[in-house]
Amino acid sequence: MLTDTIYKKSFFFILSAIIIGALWYFQSLILVNVPFWDDFHGIILPVYDMLSDIPLYDKLVALFSQNNEHRIANDRLFMWLVYLIKGNFDMRFMALLGFLNLIGIFWIFIKVFQNEKVSLFFLIPPLFFLFQPQYFESLQSLMVPFQNFSVIFYAFLAFYLVIYKNKFSYPLAFFLSALAFYTHGNGVFVFIICAIIIFLTAPRKHFILWVIFSTLAILSYFYHYKKPDWNASSSPLERPVESFFYFFEFLGSFGLTYVEMSTTLLNSSLKKIFPTVLGFLISGWFIYVFFLKNPLKFNLRQIDAQLKKLGQSRLELFVLACIFFFLFTGVILAAHRTGFPIMSRYTINSALMVAVVYMYMVYHASAKGKKVLFNVFTLIGISYLFLSYYNNWDLAIQKRKLGITDGINWEKNRMWTNQYFSSEHTKNLNHLLDKPYDEKMYFFPESGLDRLNTAVYSNKIAPVQTSFDGFALGIVDTEQDPWTLDNESGIYYLFENEKHSFIIPGFHLKNGFLNFLTSGKYYSGVVKSNLSTQLVPNEKYEIIRVDYKKGQLLKTKTGQFYDNKNYGADAKN
């Protein structure tokens, strides 16, 4: 195996620090401590109960209760600890801590390569695939970093421990397997994969004990378990072909980055076809090379010898464990979520699948093959990293502004608006923050927009265009100099009257990719926004434009009014 020189190793760690630091900085820019959807029932309310004066049994019920199909005790434990340290529900701080799971995953890769004397230089492509913002929804979510990221970290660390054994490997691996399961439902596969590894590498008594304790842990998970009411858009039994292709679409979803760079491509059939084809290619390539290196045997002695050989190859065993973790996750996702769109939060699984398949190929390649693989995947990784930032920067900043303004709207009106589209949802969510907020256990983040009442008025009229599609009131506007690293600066719109005041952010549209390259300007100068009218009371509102730049607020009347008669209309239909 190729080893590292001091210069190669230094370059690797400096590059890693830059790429990791850039993504962590990006996360810090886009995170805002305003709860959204699952954050209520998933974290805030259960931890609120854990902190309240109720019997211990009820606190344990709150800790291990379901959120949809998962028991997310891991999130709640960390939120509980953060509350004890900071004295409030600072979920932004918790999400930033959750980034450490990603660093932990990469650290495990480094340890495996170091143990097997493989050059760390070959981990540069996995660095690009892991630390990129395609999965910005996960980075921006308050609960997901200690859910989606943690389950992968716990899984990989458990695999590492049962392969690279020490005195406490099995108890620690079992604890991590249970923690993974109580973090995300696919954590159950950690028990299964570790059992296979132990079967291949350890005395049978260890395997039997692992199976017994794992069975008990899994049975305890499903004690009083309730299957969620919602179902997948299509069942694998009803539409097996659709589920089959959805599995590969999930595995290749990292490829959406190359589709999302173009609105034309994004609205075409390539949005499903391209990641599906990539999923076929990645898994097919892996299966071909695996059976090339491990031909099928039908003689029991040959099979036994082959299994022993596989059990002695620690790096290969670790990479195979990671690959099968993602394959199993894809199978369960296809079984339960076929028909659902592939959201950005799923794509970290696909990106890591590519990374570990690459690691598997590097392990088996010749010296020349290793260089070819390194060069090809480095180029792919650089393009993937660059396009991920291009595609998702504006979306993440916009989502942050939606959170900030939604918090302002709730404080003023006790109504959620900007992050939601269904009045049935907001009616069920509007009151959930009342107790933590009133008891000063939760605080909204400070914002320059809190000073809206002190903003001066311009003597001009802002010529905005409005349209109505039956539910949303759309606004089209322009902005001359939109680029800024200040993630609150930009254009906003007030809908206000004597009773209520709602603020919504303008969405600064980015240039197409070719225009971005030729002009050097990320934003196009076009601003769009919309108000979900079914979420706000039926009243007449004046529309006012708000410019927020360099800490200065300026209000400009648009001369337009909107008389809402649509509150709750979506529920009536």
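Student: Is F444 buried or exposed?

Tutor: Buried means under 20% relative accessible area, exposed over 50%, and partly exposed in between (1.4 Å probe, protein chains only). F444 has a relative accessible area of 12%, so the residue is buried. W410, at 0%, is buried as well.
This is a predicted model, in which local features need pLDDT of at least 70 and side-chain atom pairs pLDDT 80 or more, while totals for chains, interfaces and linings use all residues. Residues are numbered from 1 along each chain as its sequence is written, and side-chain values use heavy atoms, without hydrogens and water.

Student: How many aromatic pairs does a search of the whole structure find?

Tutor: Rings of Phe, Tyr and Trp (its six-membered ring) pair if their centres lie within 6.5 Å; planes under 30 degrees apart are stacked, over 60 edge-to-face, the rest tilted. The search finds 71 aromatic pairs. Among them, F222 and Y225 are edge-to-face, with centres 5.1 Å apart and planes at 70 degrees. F222 is partly exposed at 44% relative accessible area, and Y225 is partly exposed at 25%. W410 and F444 form a tilted pair, 5.7 Å centre to centre with 40 degrees between the planes.

Student: Where in the chain do W410 and F444 lie?

Tutor: Helices (H or I, at least four residues) and strands (E, at least two) are DSSP runs, numbered from the N terminus. W410 belongs to helix α20 (residues 367–413), and F444 to the loop between α22 (434–438) and β3 (456–461); 34 residues apart, they link distant parts of the chain.
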